[in-house]
Amino acid sequence: MRAARFHAWGAPPAVDDVPEPVREQGRVLVEVQAGAVAHLDATIAGGDFKMRPELPYIGGVEGAGVVLESDDDSGFEPGCQVMLRGGGLGMLRDGTWTERVSVSPKALTRLNTPLPPEVAATFFVPATTAHVVLHDVARLEAGEEVIVVGAAGAVGSMVAQQAMAAGATVIGVVGREDQLADVPDGAEAVATTSPDAVTRLAEARSASLLVDTLGGEDLVGRTRWVSQGGRAVVIGYVAGTGVSIDLPSWLLDDVALLPVNMIRREHRAREVAGELVEKLSAGELHVAVQQFDLADAAAALDELRAGRLRGRAVVTPHGLG
């Protein structure tokens, strides 16, 4: 059986032949159809993350597959489609970048509405994060104007789609001209490479909500695209982990900064996942996914780190679909 494993911290994964997993009582044997390639995978592989498995280990904190074997009372009969996530997968023990895996039922979520494997493996984080951001944190109301920074990315795209579905007007901001086409249909697409467009956002300040997936030192400047009394929800920090705030200016701007801690909101994310699966299956929501063969796991990680992915990425242990 093939698996993509890390043999040293900071090194790329290598595809190895590994022993077949043996299912023990109380566990579920799953045929992996797609293993997601996530930012958390890259973080863990760097070796500086607090939680990390013993080397060598199989990467992949998320995935999707079909149950092969299980206990009769597990609730996961052979043939059902499942999402793989949690239970220490790819963080404390071997993950999803392999052909088959034996896991605790706690690491599985049954998908009652079938999805393409690449979508089943990747939808959870962007779709549930967007829902929590808009409805639990920002408390979005119909008719609002929302600016989504990083709208071509997996999370940003999902935020834009769900905001429009909730009755909001959306401006999708991207960092490059070639990303404009990846902003979801129905949203106004703006590239920060256009000084005039950025100036118009700053002068208009017509939006009541900013959803920022980038972070970094420019975060505070982007909050000034929002009207006074508005709010800015911060999801990520791919553009940098630090930001400086001049308190007098921030108080004058009067825009609330709201953090999103999805680790704390994992239970809520699982609560809303079912309805989001139905919308994905019906075509009401869309996740862009790039597929890589398992042998190209290192290339997929490189594309992720370089910010060249369009949407999310998966490795497919049994060949490209």
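Mentor: Helices (H or I, at least four residues) and strands (E, at least two) are DSSP runs, numbered from the N terminus. By that rule E303 is found in helix α9. This is a predicted model, where local features need pLDDT of at least 70, side-chain atom pairs count only at pLDDT 80 or more, and totals for chains, interfaces and linings use all residues. Residues are numbered from 1 along each chain as its sequence is written, and side-chain values use heavy atoms, with hydrogens and water left out.

Trainee: Why does E303 count as partly exposed?

Mentor: Buried means under 20% relative accessible area, exposed over 50%, and partly exposed in between (1.4 Å probe, protein chains only). E303 has 22% relative accessibility, so it counts as partly exposed.

Trainee: What is E303 in contact with, leaving aside its neighbours within four places in sequence?

Mentor: Contact means heavy atoms within 4.5 Å. On that basis E303 touches F292, R308 and L309.

Trainee: Which residues of α9 are buried?

Mentor: In α9 (residues 297-306), they are A297, A300, L301 and L304. Seen down the axis of α9, these buried residues fall within an arc of 100 degrees, so they line one face of the helix. The arc is that of the directions from the helix axis to the C-beta atoms. An α-helix has 3.6 residues a turn, so residues three or four places apart point the same way. The cover over the buried residues of α9 includes β1, β3 (28-37), α1 (39-45), β15 (289-293) and β16 (312-316).

Trainee: What makes β1 and β4 a pair?

Mentor: Two strands pair if DSSP finds at least two bridges between them. Strand β1 (residues 2-6) is joined to β4 by 2 bridges, and the two run antiparallel. F6 stands opposite Y57 in β4. The open sheet has 3 strands in the order β2-β1-β4, with antiparallel pairing. Its edge strands are β2 (14-17) and β4 (57-58), as each pairs on one side only.

Trainee: How many residues of each class line the second largest pocket?

Mentor: The lining has 10 nonpolar, 3 polar and 6 charged residues. Ala, Val, Leu, Ile, Met, Phe, Trp, Tyr, Cys and Pro count as nonpolar, Asp, Glu, Lys and Arg as charged, and the others, Gly among them, as polar.
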